[in-house]
Amino acid sequence: MNPKHKIKNTIKNIPPIRKIVREYNIKQWEKFPTQISIESTSRCNSRCITCEHKDMKRAKQDMTMELYEKIIKECSQYRKLITNLSLSFMGEPLLDENIFKKIKLAKEWGIRFISFICNGSLLTEEKAKRLIDSGIDSIVFSVDGAFKASYEKIRVGLNYEQVTDNIKTLIGLKKKLKSKKPTISVDMVQTEYNKGETELFKTQWQGLADEVMIRPLHVWGGEVIDKDLLNYSRNTLFNNKLSRRPCFYLWKSMFISQDGKVALCCVDAECESGYGNITTSSIKEIWQGEQIKKVRKLHLCGEFDKIPLCGRCNFYLAKEMPWWWV
């Protein structure tokens, strides 16, 4: 066993040490979010059955450069604390004609790691070249199937061959240009429609993508995706023996909509948390504000049902918590 892993395995079972590590990390996280997702656009060109976007009621438009610059300038003051700045939330970032400009601006202001999640359908060779030139560090492509039938059943409105060819074009261009960035990941969310394709999916992309990700399906607070998917998520993919724990993303991640609203978390597609708006407040003010402190306290007390979205959520089962967490 690796000596570092051996030490970690030893100390993680000592409650006082876990508490010291936890309190230190929480103190650091409460200064400023370490992961920030900026919704460059809330528009999307697909109607995926696993996503809340198709039923989303809030405005579907791009974030203005003025608002984006305000956010990036503040982030630059805390750039040493930020481990990932993502330019996606509930939309398809390549629909935003300013996406390349936004990536470059963040790099110019010293943001170390920039990423986004993308469906790949709009990725032409020209855009692939511009992405490499922009300096973006990581792109995750959502490819929810190993076959055309399952993929197009899930990612409604997109074409399987076109998407996979587009991703391979970027991979080929990156290799041709001998560029280390961006790292390219392909992602499959397991559902009733692709549950037997996991190993084939891995085989198809290993050696091409830098990372192949297989994730369980969460239910977006249990209100939007169809009943069959809700039941599949709740009854099939998750180990329901796991006890409910506070969601550490409340201390780690901030999600900002295209019009500046701050969401409760990645599951809050409608941005109804009431945390605040970046157009009138700073990220730091909202992050250290009374509203978010109230939600964190409810989580620490195990009173998840007092927050409607949290009471219906099973995202905590889809993500592994750090060893030192509560």
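Q: Why is L105 called buried?
A: L105 has a relative accessible area of 14%. Buried means under 20% relative accessible area, exposed over 50%, and partly exposed in between (1.4 Å probe, protein chains only). The value of 14% lies under the cut-off, so L105 is buried.

Q: What kind of model do these values come from, and which atoms do they use?
A: This is a predicted model, in which local features need pLDDT of at least 70 and side-chain atom pairs count only at pLDDT 80 or more, while totals for chains, interfaces and linings use all residues. Residues are numbered from 1 along each chain as its sequence is written, and side-chain values use heavy atoms, with hydrogens and water left out.

Q: Where is L105, and which residues does L105 touch?
A: L105 is in helix 4; helices (H or I, at least four residues) and strands (E, at least two) are DSSP runs numbered from the N terminus. Leaving out residues up to four places away in sequence, L105 touches M65, Y68, E69 and I72, where contact means heavy atoms within 4.5 Å. L105 and K73 are 32 residues apart in sequence, with a C-alpha to C-alpha distance of 9.6 Å.

Q: How do you know whether helix 3 and helix 4 are roughly parallel or oblique to each other?
A: Helix 3 (residues 65-77) and helix 4 (residues 99-108) pack at an angle of about 25°, and their axes are 10 Å apart. The axes are lines fitted to C-alpha atoms, for helices over the stretch in contact, and angles run from 0 to 180 degrees between N-to-C directions. Angles under 35 degrees count as roughly parallel, over 145 as roughly antiparallel, 65 to 115 as roughly perpendicular and the rest as oblique. Helix 3 and helix 4 are therefore roughly parallel.

Q: What makes up the contact of helix 3 with helix 4?
A: From helix 3 come M65, Y68, E69 and I72, which meet K101, K102, I103, L105 and A106 of helix 4. By class, the residues of this contact are 6 nonpolar, no polar and 3 charged. Ala, Val, Leu, Ile, Met, Phe, Trp, Tyr, Cys and Pro count as nonpolar, Asp, Glu, Lys and Arg as charged, and the others, Gly among them, as polar.

Q: Why are helix 5 and helix 7 called oblique?
A: The axes of helix 5 (residues 125-134) and helix 7 (residues 160-176) cross at roughly 50° and come within 9 Å. That angle belongs to the remaining class, so helix 5 and helix 7 are oblique to each other. On the helix 5 side the contact is made by E125, A128, K129 and I132, and on the helix 7 side by T169, L170, L173 and K174. This contact has 4 nonpolar, 1 polar and 3 charged residues.

Q: How do you know whether S138 is buried or exposed?
A: The relative accessible area of S138 is 10%, so S138 is buried. S138 is in strand 4 (residues 138-142). Not counting residues up to four places away in sequence, S138 touches F113, I114, S115, F116, P182 and T183.

Q: Which residues touch the most other members of the largest nonpolar core?
A: F116 and F141 do, among the 85 residues of that core. A nonpolar core is a set of buried Ala, Val, Leu, Ile, Met, Phe, Trp, Tyr and Cys residues joined through side-chain atoms within 4.5 Å. Beyond four places in sequence, the contacts of F116 include L87, P93, I103, L131 and S138.
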